[in-house]
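Here's a quick briefing to read alongside the sequence and the structure.

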Amino acid sequence: MRRLVIGNWKMNLTLADATVLAGEVANFASDFATLQIGICPSFVWLVPVREHFRFTPHNFFLGAQAVSSEPHGAYTGDVSAEQLKGLVSHVLVGHSEQRRFRHLSPQDISSQIMQVTQQGMTPVVCFGEPQRSLGNTVATHITTSLSQDLHGISSEVLQKCIFAYEPLWAIGTGAPASPEYIESVVRQVKRWFSDQFSVDVPILYGGSVTAKEAAELKSIEEVGGLLVGGASLHAKEFKDICARFGGHV
Ligand code: PGA
């Protein structure tokens with residue numbers, strides 16, 4: 001499977017800026033054929049961004065930043081997986097900002113995974129420890145909360161998911177985890193998936209990723225890709241990240 005680089009635009013960019021940036025990313029995506037490159041604009045820009053393209057390279061995709069836990073109904077302000085179907089191929093599930101500001105429960109996470117997979121899209125399920133000080137117990141903390149998030153989810157469904165390891169202390173702080181730290185956590189979590197569910201799931205890294213981290217993580221085979229926030233808002237920086245991670249400058 002191709003490694004992924006996904007830009008999470010969060011609540012940023014005007015429509016004009018979003019369409020320009022999306023066009024730039026789609027243009028350079030075909031230079032990095034070893035990668036799958038995606039962007040997650042705000043919900044409101046998904047349709048205009050999509051309509052803006054006359055064609056997109058096969059390794060470029062659109063994603064959504066969140067989804068409702070419910071299939072439809074009286075949930076003012078929310079967007080369902082069914083509504084996203086046909087617009088995006090990937091959906092972020094359980095991003096730490098969603099967990100924090102929307103108070104998502106583990107049950108919400110598992111419902112969202114089910115909603116997204118039932119509509120034929122790929123959930124990108126985010127997880128990560130709250131504090132750096134957890135040290136050696138980090139993998140235990142992560143797998144304990146993952147087992148709650150994934151309660152009732154079958155191996156068959158898990159096989160359709162991508163995961164993103166995003167230590168909360170590294171998101172938006174300019175202080176990414178070190179490559180050794182990331183490698184160790186990702187390796188342990190992958191082993192847990194294999195032992196518990198007999199699945200080999202791709203795990204991306206996210207948290208203050210810049211071109212420097214992209215270059216360092218390139219050679220770590222366990223890291224299936226990158227989830228990039230702040231640096232994905234600038235075409236040149238995002239392209240640099242793809243170039244360093246995808247192996248061609
Ligand atoms: P950041 O955000 O790259 O700005 O740290 C990453 C994320 O929240 O997905």
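Let's start with the aromatics: Phe-127, Phe-163, Tyr-165, Trp-192, Phe-193, Phe-197 and Tyr-205 are joined into a cluster by ring pairs. Keep in mind that this is a predicted model.

**Aromatic pairs**

- Searching the whole structure turns up 11 aromatic pairs.
- One of them is Phe-53 with Phe-60, an edge-to-face pair with 5.5 Å centre to centre and 75 degrees between the planes.
- Phe-53 and Phe-60 are both buried.
- Phe-127 and Tyr-165, by contrast, are stacked, at 5.7 Å centre to centre with 25 degrees between the planes.
- That pair ties together parts 38 residues apart in sequence, because Phe-127 sits in strand β5 (residues 122-127) and Tyr-165 in strand β6 (residues 162-165).
- As for solvent, Phe-127 and Tyr-165 are both buried.

**How α6 meets α8**

- Helix α8 covers residues 179-197, and α6 packs against it at an angle of about 40 degrees, with the axes 10 Å apart.
- That angle makes α6 oblique to α8, and the crossing of the two is right-handed.
- On the α6 side, the contact is made by Val-138, Ala-139, Ile-142, Thr-143, Leu-146 and Ser-147.
- Facing them from α8 are Tyr-181, Val-185, Gln-188, Val-189, Trp-192 and Phe-193.
- Sorted by type, the residues of this contact come out as 9 nonpolar, 3 polar and no charged.
- Trp-192 and Phe-193 in α8 turn up here and also belong to the ring cluster.

**Asp-149**

- Asp-149 belongs to helix α6, which runs over residues 138-149.
- Is Asp-149 buried or exposed? Its relative accessibility is 4%, so Asp-149 counts as buried.
- Leaving aside residues up to four places away in sequence, Asp-149 touches Arg-99, Pro-106, Ile-109 and Ser-110.

**Positive phi in a loop**

- As background, most residues other than glycine have a negative phi.
- Lys-10 has a positive phi, near 50 degrees, and is placed in the loop between β1 (3-8) and α1 (15-29).
- Leu-13 is another non-glycine residue with a positive phi, near 80 degrees, and it is found in the loop between β1 and α1.
- Leu-13 has 26% relative accessibility, so it counts as partly exposed.

Note on methods
Residues numbered from 1 in each chain as written. Predicted model: local features only at pLDDT ≥ 70, side-chain atom pairs only at ≥ 80, totals over all residues. Heavy atoms only, no water. Helix = DSSP H or I, 4+ residues; strand = E, 2+ residues; numbered from the N terminus. Buried < 20%, exposed > 50% of the residue type's maximum accessible area, 1.4 Å probe, protein only. Contact = heavy atoms within 4.5 Å. Axes fitted to C-alpha atoms, helices over the stretch in contact; angles between N-to-C directions. Parallel < 35°, antiparallel > 145°, perpendicular 65-115°, else oblique. Left-handed = near helix turned anticlockwise from the far one by under 90°. Nonpolar A, V, L, I, M, F, W, Y, C, P; charged D, E, K, R; others polar. Phe/Tyr/Trp six-rings, centres within 6.5 Å; stacked < 30°, edge-to-face > 60°.
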